Amino acid sequence: MLLIVVSVFAIRISRMSAQHLKAARGWQVDVETKRAASLAAGRTHSPVLGSWWYAAHIAVMALCIFFAVARWNAIPQQIAVHIGPDGFPDHYIYKSVGTVFMMNSVQALMIPLFAGYNLMISRARTSLDPQDREGSLRKQLKLKKIHSITAWGISLLGIANLGLLQAVILYGWNLNLLIRCNISFMAVFFLTLIGVLLYLRLRGLDQQRDIPSQEERHWKWLGSIYANPEDPALFVLDRYGFFWTINMANPLGKYIAAATIAVPVIAILVAIFNFR
């Protein structure tokens, strides 16, 4: 939480400094009036992984459920969920359907969220450079593919990590195994993220911009939320050319954003309710 607060202040200070520098030097974004579009891109190219790739996530969840059902009698009536400073359990929950399959409930909530992000990448507007339509189209499609593969791999590791947490809680596996796996997961996550950023930089793919959404006045809340009622696009590339964001001025965009926020909140509430 402290890191989040510090990050918000750092972003605000950096943004204010950038705005002062922009005003002092008179920098302006050139308004592009000419547009280029490829109507066949969605039919002839596959910019992201297909939804069936997320069957791997469902398979991991199903395997976790199978083992929980098969070993139901071996699961103790009181399940240790916290280890005290002395190395012994100091907090227990009673065995029930809710507590045994709690992690599976969280998995079931997270999988549609990951699959939805993949779908958002595929449906995001592909903004082409009028001076290099074919080249910019190839770069945009490649950028989407890289993000789709990265998001799929990281999300699969996250679902598997929840399964490991379930096994540690239910079957008495060594807690050190979970700690090592969590450290490994975070290391893989950050190394993958850094690797993708470096690859995009070396290939020049990090310079892609969604030209129609570049005006400063359409970016709210420290420039992180896009809201343009004149833009029909629901998903656009963010200002920095790395992630995709939702057009919050679109009525459907508000529902999607609310659902996206609701999923992790519900997952946290499920965990809190079962760990009481």
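A residue is called buried when its relative accessible area is under 20%, exposed when that area is over 50%, and partly exposed in between, using a 1.4 Å probe and protein chains only. The model described here is predicted, so local features need pLDDT of at least 70 and side-chain atom pairs count only at pLDDT 80 or more, while totals for chains, interfaces and linings use all residues. Residues are numbered from 1 along each chain as its sequence is written, and side-chain values use heavy atoms, with hydrogens and water left out.

Helices are DSSP runs (H or I, at least four residues) numbered from the N terminus, and their expected span is 1.5 Å times one less than the number of residues.

| Helix | Residues | Number of residues | End-to-end C-alpha span | Expected span |
|---|---|---|---|---|
| α5 | 102–123 | 22 residues | 32 Å | 32 Å |

In α3, the buried residues are His 57, Met 61, Cys 64 and Ala 68. They lie on the same side of α3, because they cover an arc of only 55 degrees around the axis, the arc being that of the directions from the helix axis to the C-beta atoms. On the other side of α3, Phe 66, Val 69 and Ala 70 are exposed. The cover over the buried residues of α3 includes α4 (97–100), α5 and α6, with contact meaning heavy atoms within 4.5 Å.

Note on methods: Helices (H or I, at least four residues) and strands (E, at least two) are DSSP runs, numbered from the N terminus.
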